[in-house]
Amino acid sequence: MHRPALPRVRRPRPRPGGLRLLRLRLRLPRSRRGRRRAVQAVVLGCVLALTPATWMFAAADGRVRTAADVPAADVAVVFGAGLRQGSPSPYLAHRLDAAAGLYRAGTVKVVLVTGDNSRTAYDEPDAMRTYLVRHGVPGRKVVRDFAGFDTWDSCARARRIFGVHRAVLVSQGFHIRRAIALCQSAGIESYGVAVADAHDVTWYYGGAREVLAAGKAALDAVFKPDPHFLGHREKGVARALDG
């Protein structure tokens with residue numbers, strides 16, 4: 001028995017992942033003038049990208065010292081660098097060790113610890129103070145800034161809230177130049193002690209992050225915005241110096 005022929009149905013070709021792959025072809029300008037403009041645009045972009053970092057290094061030139069040769073100042077400023085289970089991270093502990101050494105050597109008289117306390121369960125300044133007291137710095141000589149949410153805020157508040165005019169800054173090498181540049185812009189005569197650390201993944205991440213952070217730092221230095229939280233003038237540093 002003859003069966004009628006069934007109509008042929010055209011099936012769609014399967015596409016990988018159901019998505020079409022788009023191929024973009026980079027076309028260079030054909031004319032010599034066009035190629036020259038393209039090269040100039042690339043060079044200009046690189047210059048603009050590196051200008052903030054260049055400013056940062058220039059502002060800190062000659063101001064990064066060791067703990068042995070840094071000029072004396074009344075105040076050391078230690079920037080927060082994270083907690084682990086409520087205690088200072090290894091990087092922050094190294095900063096605090098350096099600050100405690102500066103105090104014992106008589107290079108500084110008071111330590112201002114500045115960090116994040118934006119939520120109840122996270123309190124960098126208290127953890128930093130506890131660590132310093134445990135390592136020989138009298139509690140009355142440690143002043144806490146609970147609103148140091150970033151480097152600019154810490155520098156601006158040190159000047160405007162705590163009345164610091166001259167300070168030794170303590171941080172890792174990849175961060176200390178930005179800290180100096182910003183504190184200088186905030187009106188604090190600053191020198192920095194770069195804490196030595198192993199060049200591990202965290203160190204390289206910090207170094208790469210500084211290239212991006214330099215842009216924000218330059219804007220902060222130019223426009224000098226108010227910190228996220230300004231508040232009233234505090235006399236903690238003055239009392240600590242008197243005591």
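In which helix does histidine 175 lie? Histidine 175 lies in helix H5, where helices (H or I, at least four residues) and strands (E, at least two) are DSSP runs numbered from the N terminus. The structure is a predicted model, in which local features need pLDDT of at least 70 and side-chain atom pairs count only at pLDDT 80 or more, while totals for chains, interfaces and linings use all residues. Residues are numbered from 1 along each chain as its sequence is written, and side-chain values use heavy atoms, with hydrogens and water left out.

At 6% relative accessibility, histidine 175 counts as buried (buried means under 20% relative accessible area, exposed over 50%, and partly exposed in between, with a 1.4 Å probe and protein chains only). Apart from its neighbours within four places in sequence, histidine 175 is in contact with Phe79, Arg95, Thr151 and Glu210, contact being heavy atoms within 4.5 Å.

The axes of helix H4 (residues 151-160) and helix H5 (residues 173-186) come within 9 Å and cross at roughly 40 degrees; these axes are lines fitted to C-alpha atoms, for helices over the stretch in contact, and angles run from 0 to 180 degrees between N-to-C directions. That makes H4 oblique to H5, given that angles under 35 degrees count as roughly parallel, over 145 as roughly antiparallel, 65 to 115 as roughly perpendicular and the rest as oblique. On the H4 side, Thr151, Trp152, Cys155, Ala156 and Arg159 meet His175, Arg178, Ala179, Leu182, Cys183, Ser185 and Ala186 in H5. The residues of this contact divide into seven nonpolar, three polar and two charged, where Ala, Val, Leu, Ile, Met, Phe, Trp, Tyr, Cys and Pro count as nonpolar, Asp, Glu, Lys and Arg as charged, and the others, Gly among them, as polar.

The structure holds one disulfide, defined as a pair of cysteine sulfur atoms within 2.5 Å, and this disulfide joins cysteine 155 to cysteine 183 with an S to S distance of 2.3 Å. Cysteine 155 lies in helix H4 and cysteine 183 in helix H5, so the pair ties together parts that are 28 residues apart in sequence. The torsion about the S-S bond is about -80 degrees, so the disulfide is left-handed. Both cysteine 155 and cysteine 183 are buried.

Glutamine 85, although not a glycine, has a positive phi of about 55 degrees; glutamine 85 is found in the loop between strand E3 (83-84) and strand E4 (87-88) and is exposed, with a relative accessible area of 86%.
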